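Student: Can you walk me through this one? I have not looked at it before.
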Amino acid sequence: MDTSSLSLPLFLFNFFLLLLVILLFNKMKCSLRSSPSISLTLTKKILSHGPNLPQGNLGWPLVGETIEFVSCAYSDQPESFMDKRRLLYGRVFKSHIFGTPTIVSTDAEVNRVVLQSDSKAFVPFYPKSLTELMGKSSILLINGSLQRRIHGLVGSFFKSSLLKAQITADMQIYVKESMDNWSDDQPVLVQDVSKNIAFKVLAKALMSVDRGDELGVLKKEFEEFISGLMSLPIDLPGTQLHRSLQAKKRMVKLVHNIIRSKRENDDEDEVKGGPNKDAVEVLLRDASGQFTDELIANNMIDMMIPGQDSVPVLITLAVKFLSDSPSALHHLTEENMKLKSFKDERGEPLYWNDYLSLPFTQKVITETLRMGNVIIGVMRKAVRDVEIKGNVIPKGWCFMAYFRSVHLDPSYYDSPYHFNPWRWQQDKDTNTSSFTPFGGGQRLCPGLDLARLEASIFLHHLVTRFRWVAEEDTIVNFPTVRMRRKMPIWIKRRD
């Protein structure tokens, strides 16, 4: 994601909020006795739930605590907003963020219950610009049987041995092509390199777009599209949201052409009955007939959002943490060198299960997910009053499950800010409520196994081909997790 394209809209958004606070403050000085109807409604809602509504502070009228939340999110410790309130009010508290009253949870068990709830209790909640871009039929927004059907089909395909074998072969080719062109007289920007590789893998897995002009056009349009995810929700010519919506229309048209071509092939019985090569074919051949071409095309684009962002960030953060931990890097290098020597001696290629069978490499990835928090949290909206562990989440309020605070909580993890892959050495269970790097419940990220596989392949080829020295760089956690300087490293090829 182009970070420069995100910074301006967010700066304007924060400036607008600050200006709004100043105007509201001046207005309040003129008439302290007047109260907006929205505040009265909120007050009645709070009083009606009595002591079961979590403690907290709703902040300024309309703006709430958004400015402090965003300010902390840009800092080195974005969880400081949560930590301060957790000390005052407990692990679950009320606030007012992004224009809506919100129950914030840093409690692992409460988060687990919400994530596993169905649409009768909670539905997804996203910023308006995001919902505008995704549309009403997006898998990220829809609920009920249609969501479960799409998620189940795509999830099964992503877990299949066939796709893992394809992605392993593709990833090895793309990584080799990239690393062959690395030079030791200029730094390699790991964030950019991994993003380029991950996009190629994703485009092929979703819709069999591989090389050539089609891939270039798709990448260019996608970059324009995601630039609007955190933009001001104004769809007028010249705005970022308008440009992003137009980019999505062009991408949808491209995917429509792919679907049309696949339908023609199926009609001619050339490939019908064979294994599905990509996610488009999975939905296209579904016997239920629920999925229109428009729904398939739009969802292919939407599935690229989490897929394109999470894998490159995971790879980049792993390189960052390993660079800062020589002992972990040494241990991981030895493990991967041993596998490489074993395969070279027998003249065998590396298969997907070889990469995933490296125990310490998997512990490094797990610890990177815990510390890096590629997904800092998720938001839901309550469709009815819900009570969990004595805390009421009122109907119409948002719920924020803040994973980062859980992953960095000393009551769950010893020395949580220390990168320590060995903490997982005793086969510590990763299927607990205190470890949710990919969310959970019915909306658990279907590509979590593929993210691990891609990161494992990249790290294997990096440490077996190169030594490196990393330049100083820092992690930026908002609006998305990324490295400020794109993680530059100076490489030296191994003999």
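Tutor: Start with a term: a cavity is a set of grid points where a 1.4 Å probe fits but cannot get out, and its lining residues have an atom within 4 Å of a point. Keep in mind that this is a predicted model.

Student: OK, how many cavities of 30 Å³ or more does the structure hold?
Tutor: It holds 3 of them. The largest cavity has about 120 Å³ of space.

Student: Which residues lie nearest the centre of the largest cavity?
Tutor: Ser117, Asp118, Phe122, Gln442 and Arg443, out of 14 lining residues. Two or more lining residues come from each of α5 (108-115), β3 (122-124) and α7 (144-159). β3 gives the most, with 3 residues.

Student: And how does that lining divide into nonpolar, polar and charged?
Tutor: 5 nonpolar, 6 polar and 3 charged.

Student: Switching topic. Where is Arg370?
Tutor: Arg370 is in helix α16, residues 359-372.

Student: Buried or exposed?
Tutor: Arg370 is buried, because its relative accessible area is 0% and buried means under 20%.

Student: What does the side chain of Arg370 reach?
Tutor: It reaches the backbone oxygen of His407, at 2.7 Å. Leaving aside neighbours within four places in sequence, the contacts of Arg370 include His407, Tyr413, Arg423 and Trp424.

Student: What about Cys72, buried or exposed?
Tutor: Cys72 counts as buried, because its relative accessibility is 14%. Cys398 also counts as buried, at 0% relative accessibility.

Terms used: Residues are numbered from 1 along each chain as its sequence is written. This is a predicted model: local features need pLDDT of at least 70, side-chain atom pairs count only at pLDDT 80 or more; totals for chains, interfaces and linings use all residues. Side-chain values use heavy atoms; hydrogens and water are left out. Buried means under 20% relative accessible area, exposed over 50%, partly exposed in between (1.4 Å probe, protein chains only). On a 1 Å grid over the protein atoms alone, a cavity is a set of points where a 1.4 Å probe fits but cannot get out, and a pocket is an open set with protein on both sides within 12 Å along at least five of seven lines; lining residues have an atom within 4 Å of a point. Grid points are joined across faces, edges and corners, and a volume is the space filled by probe spheres set on the points. Helices (H or I, at least four residues) and strands (E, at least two) are DSSP runs, numbered from the N terminus. Ala, Val, Leu, Ile, Met, Phe, Trp, Tyr, Cys and Pro count as nonpolar, Asp, Glu, Lys and Arg as charged, and the others, Gly among them, as polar. A polar contact is a pair of N or O atoms within 3.5 Å; within protein, one must be able to donate a hydrogen and the other to accept it, and residues adjacent in sequence count only if both atoms are side-chain atoms. Contact means heavy atoms within 4.5 Å.
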